[in-house]
Amino acid sequence: MKKLRIIKIGGGIIDDELSLHQFLQLFARIDGLKILVHGGGKGASEMLRSLGIAPQLVNGRRITDAATLDVVTMFYAGKTNKAIVAGLQQNRVNALGLSGADGNVIRAVKRPVREVDYGFVGDLRPASVDGALLGALLGLGLTPVICAITHDGHGQLLNTNADTIAATVAVALSSQFTVELHYCFEKNGVLLDVNDDDSVIARINLTSYVELKEAGIITEGMIPKLDNSFDALSQGVNKVIIGHALKINEPLKTVLCLN
Ligand SMILES: Nc1ncnc2c1ncn2[C@@H]1O[C@H](COP(=O)(O)OP(=O)(O)O)[C@@H](O)[C@H]1O
Ligand SMILES: CC(=O)N[C@@H](CCC(=O)OP(=O)(O)O)C(=O)O
């Protein structure tokens with residue numbers, strides 16, 4: 001099977017023009033098949049505030065009412081996705097920007113209301129992703145650039161966490177490719193001390209993950225990232241790596257494994 005790298009970048013990198021520019025140059029130099037998945041949560045919150053809408057996040061997921069959905073759709077599927085595609089074209093990567101609605105590539109289900117009503121937020125299963133279409137686009141020499149907007153197949157757009165999109169796309173493509181999933185952000189990896197970029201934990205398995213969580217070393221946004229990572233590994237993804245977006249070619253990073 002051919003190797004496929006799925007790389008996810010978040011709001012911390014996207015928000016900083018220079019970092020994004022440098023990341024896109026590095027991404028362009030990666031040989032072989034690749035897909036870029038992007039969030040942009042930080043910038044979306046800023047845009048919401050500037051429009052007088054208070055951002056609301058519960059357990060790292062955005063409560064998305066109709067007005068918020070309009071703004072995040074414009075921000076993720078519009079401004080951010082198109083800026084990334086243009087930046088990759090500048091670097092001679094034939095990028096194709098996609099929301100989940102485009103080509104029906106990711107069909108989600110609106111999150112059911114339980115203790116929290118998340119509004120227009122989409123949940124995914126591996127079957128939500130059209131792996132055949134993504135495989136065909138890769139076969140044409142295109143590099144898909146997927147944003148955090150999906151749809152439900154009944155005309156409703158949904159906001160979906162970008163880490164979850166990356167993991168679900170990785171699982172869906174693992175029957176066609178040997179998939180390596182990279183979560184890239186603004187730190188060197190999963191750290192023993194979140195304020196010390198030299199304290200990278202080289203390897204984490206399921207047992208050490210539980211211990212690190214209980215010790216309060218892994219907290220906040222890193223918890224759903226690692227939950228998504230271990231789900232992906234248990235469903236056929238070959239390797240998951242967490243590291244700095246601007247050091248993708250360097251050995252400093254965290255590798256996750258089941259055992
Ligand atoms: N042990 C840890 N090592 C590194 N980051 C951690 C750790 N525990 C918590 N974090 C937090 O997780 C954040 C990354 O998650 P998130 O904010 O969701 O990133 P992104 O928006 O790039 O997906 C880091 O910026 C950091 O604040
Ligand atoms: C439902 C939900 O939480 N959606 C996320 C989608 C963007 C995202 O995941 O961005 P980062 O990767 O930069 O965090 C949000 O609106 O914040």
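**Close-up views of a predicted model**

**View 1. The shell around ligand 2.** Around ligand 2, the shell divides into 5 nonpolar, 8 polar and 4 charged residues. Nonpolar here means Ala, Val, Leu, Ile, Met, Phe, Trp, Tyr, Cys and Pro; charged means Asp, Glu, Lys and Arg; the others, Gly among them, count as polar. This is a predicted model: local features need pLDDT of at least 70, side-chain atom pairs count only at pLDDT 80 or more, and totals for chains, interfaces and linings use all residues. Residues are numbered from 1 along each chain as its sequence is written, while chains are lettered from A and ligands numbered from 1 in the order in which they are written. Of the 17 residues around ligand 2, the nearest are Gly10, Gly11, Gly39, Gly41 and Ala162. A residue is near a molecule if its C-beta atom, placed from the backbone, lies within 6 Å of it. At least two shell residues each come from α3, β4 (61-62) and α6. Helix α3 gives the largest share, 3 residues. Helices (H or I, at least four residues) and strands (E, at least two) are DSSP runs, numbered from the N terminus.

**View 2. Binding-site positions from the UniProt record.** The unreviewed UniProt entry lists Gly40, Gly41, Arg62 and Asn159 under "binding site". These residues span 120 residues in sequence, yet no two of their C-alpha atoms are more than 11.9 Å apart, so they gather at one spot. Gly41 sits in helix α3 (residues 41-50). UniProt positions follow the numbering used here, feature names are shortened, and annotations may be inferred rather than shown by experiment.

**View 3. The shell around ligand 1.** Ligand 1 is surrounded by 18 residues, and Gly10, Phe185, Leu191, Gly221 and Met222 are the closest. Two or more shell residues come from each of α1 (11-14) and α8 (222-234). By class, the shell holds 7 nonpolar, 7 polar and 4 charged residues.

**View 4. The open sheet.** Eight strands form an open sheet with mixed pairing, in the order β5-β8-β2-β1-β11-β13-β14-β12. Two strands pair if DSSP finds at least two bridges between them. The edge strands, β5 (95-98) and β12 (203-204), each pair on one side only. Strands β2 (residues 33-38) and β8 (residues 143-146) run parallel and are joined by 2 bridges. Leu36 has Val145 of β8 as its bridge partner. Helix α6 (residues 162-173) packs on the sheet and touches β1 (3-9), β2, β8 and β11 (178-185). The direction of α6 makes about 170° with that of β1.

**View 5. Helix α6 against helix α8.** The axes of α6 and α8 come within 9 Å and cross at roughly 5°. Axes are lines fitted to C-alpha atoms, for helices over the stretch in contact, and angles run from 0 to 180 degrees between N-to-C directions. Helix α6 is therefore roughly parallel to α8, a term for angles under 35 degrees. From α6, the contact uses Asp163, Thr164, Ala167, Ala170 and Val171. From α8, it uses Pro224, Lys225, Asn228, Ser229, Asp231 and Ala232. Residues are in contact if their C-beta atoms, placed from the backbone, lie within 7 Å. By class, this contact has 5 nonpolar, 3 polar and 3 charged residues.

Terms used: Contact = placed C-beta atoms within 7 Å. Parallel < 35°, antiparallel > 145°, perpendicular 65-115°, else oblique.
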